[in-house]
Amino acid sequence: MRVLAVGMGGAGSRIVEALHNFENKKRVTRTFTGLAVNTDPDVLKSLELMPEGQKLFFPRIHVGPDGPFEKGPEPHAVTEALLNHDTGETDAIFLICGLGGSSIQYIGPLIETIRSSVIEPVFGIFVIPDPKYEPEKREKAIIDLKKVSGQLDGIFLFENDLITPDPLTIKTKVSHSGDIQIPFLKNQEPNIQEIKKEEWSLFNIEIARRISVILRAGEPACESGKKPGEVVVDAGDIINTLKVTGLISLCYAREQVKGLKSGLSDLLSSGDSYTNDESRATRIMNLAHQALHQYPSCRFNPHMAEKALILVAGPPRELSMKGYMASREWLNRLIPGGEIRGGDYPVPHSHFVAVVIIASGFPFYFQESEE
Ligand SMILES: Nc1nc2c(ncn2[C@@H]2O[C@H](COP(=O)(O)OP(=O)(O)OP(=O)(O)O)[C@@H](O)[C@H]2O)c(=O)[nH]1
Ligand SMILES: [Mg+2]
């Protein structure tokens, strides 16, 4: 599935960079091209791995005949820059932004301009501030969300207080950069000042990991030279799941495949699995439960979701049709809307089995209690 994206503001720009890095690392067909748009030149400068041509700076304050006035990114200029990257194969546009900050105000006019130029669906990927660190920003975030929700085809929500950096990512980061502070993993009073570049980057890696896997799974296998799954998920399945009036939670759990070491996977690729079919199926069921109940990207009540898509990814010999079918049936019972899609996504050299569940079409839980 091919996506063009605009990341607006601090969070948006950094998440676009994280997605850009995933895309480059995986070296498959291009699924993601993003622009980082900002009124703060320092944020753009900090995106070391993004190509300069994909960073757009707009001054916040302009000076007119009647004196200085505030004006953010110019929607037509952003749309034009975005469409310069359109290869004619774009399936959707993603707009990425942290709610509660100042950049979300520029998203409304941008959506209108993009919609007047393209027919592809436009989805939001929005971050909600952690209430422990930024209670006021979170309140503003909810107001922001209500303002833009009617304009988009669907909104992925990532609540920062639910994001748990993967222990393996932390290990790698620590070994590369020495001693890093991770306040949210320690029992200490949270302090926004302490969430600095390294910590945001761990959050953004988790967001990018989840988005990136659904984009790659929605790409025809023949294009990347891989074998397709038994039940193929295509871009249409993903887009139909994302097109909802309510919100979208991207739930994700993964487990490292034991006994696999680098290089060994190639030798074993035609061999047997380390586990029997029963335990492979059980592992997938467990991961599906964990994804939905422990690792959703935002809080939601599954009984209020309208649609879902379940994707089982990993080395082919570790996947199990039995596990996939059982998980899908479980999801079907749980989600009364009953519009369930799914499939498997073989990733031959992966060291992980992962289950991704996209649950969509539910109201934000504040609305349930407040309205
Ligand atoms: N996950 C994640 N969240 C972030 C990141 N940066 C900021 N946030 C959150 O997003 C909210 C909005 O922050 P920014 O995106 O920096 O805000 P902005 O739109 O640039 O506006 P300003 O407040 O004027 O800088 C913050 O309150 C944080 O909770 C990031 O890199 N990753
Ligand atoms: Mg900013």
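**The sheet and its surroundings**

Reply: Start with the strand order. In this predicted model, ten strands make up an open sheet, and they run E3-E2-E1-E6-E7-E8-E9-E12-E10-E11. The pairing in this sheet is mixed. Strand E3 (55-57) and strand E11 (339-346) stand at the edges. Each has a single partner strand, so one side of each is left without a neighbour in the sheet. On average, neighbouring strands are turned by 20° against each other, direction ignored. As a general point, strands of a sheet pair through backbone hydrogen bonds, either parallel or antiparallel.

Now zoom in on strand E1, which spans residues 3-8. What lies on either side of it? One partner is strand E2 (residues 32-38), which pairs with E1 in the parallel sense over six bridges. Within E2, Leu35 is the bridge partner of Val6. The other is strand E6 (residues 92-98), and E1 and E6 also pair in the parallel sense over six bridges. Here Ala5 has Phe94 of E6 as its bridge partner.

E1 is mostly covered, with six of its six residues buried. The side chains split into two sets. Val3, Ala5 and Gly7 point one way from E1. Leu4, Val6 and Met8 point the other way. Both sets are buried.

Helix H9 (residues 235-242) lies across E6, strand E7 (122-128), E8, strand E9 (247-256), strand E10 (307-314), E11 and strand E12 (352-362). H9 runs at about 140° to E10. Its buried residues include Ala235, Asp237 and Ile238. Thr241 and Leu242 are buried in H9 as well. Seen down the axis of H9, the buried residues fall within an arc of 165°, so they line one face of the helix. There is a general rule to recall here. An α-helix has 3.6 residues a turn, so residues three or four places apart point the same way.

Leu162 sits in the loop between E8 and helix H6 (167-177). Is Leu162 buried or partly exposed? Leu162 has 17 C-beta neighbours inside 10 Å, so it counts as partly exposed. Leaving out residues up to four places away in sequence, Leu162 touches Pro296, Ser297 and Cys298. Gln294 is 132 residues from Leu162 in sequence, yet their C-alpha atoms are 9.0 Å apart in space.

Then there is the ligand. Ligand 1 has 17 residues around it. Gly9, Gly10, Gly98, Gly101 and Ser103 come nearest. Helix H1 (9-26) and helix H7 (197-217) are the elements that give two or more residues to this shell. H1 supplies the largest share, four residues. By type, the shell around ligand 1 holds five nonpolar, nine polar and three charged residues.

Last, step back to the protein chain. The chain has 13 helices and twelve strands. Of its 371 residues, 43% are buried. Consider the contacts between residues at least 6 apart in sequence: 81% of them join residues at least 24 apart.

Key:
Residues numbered from 1 in each chain as written. Chains lettered and ligands numbered in written order. Predicted model: local features only at pLDDT ≥ 70, side-chain atom pairs only at ≥ 80, totals over all residues. Near = placed C-beta within 6 Å. Nonpolar A, V, L, I, M, F, W, Y, C, P; charged D, E, K, R; others polar. Buried ≥ 20, exposed ≤ 12 C-beta atoms within 10 Å, placed from the backbone. Contact = placed C-beta atoms within 7 Å. Pairing = 2+ DSSP bridges. Arc of directions from axis to C-beta. Axes fitted to C-alpha atoms, helices over the stretch in contact; angles between N-to-C directions.
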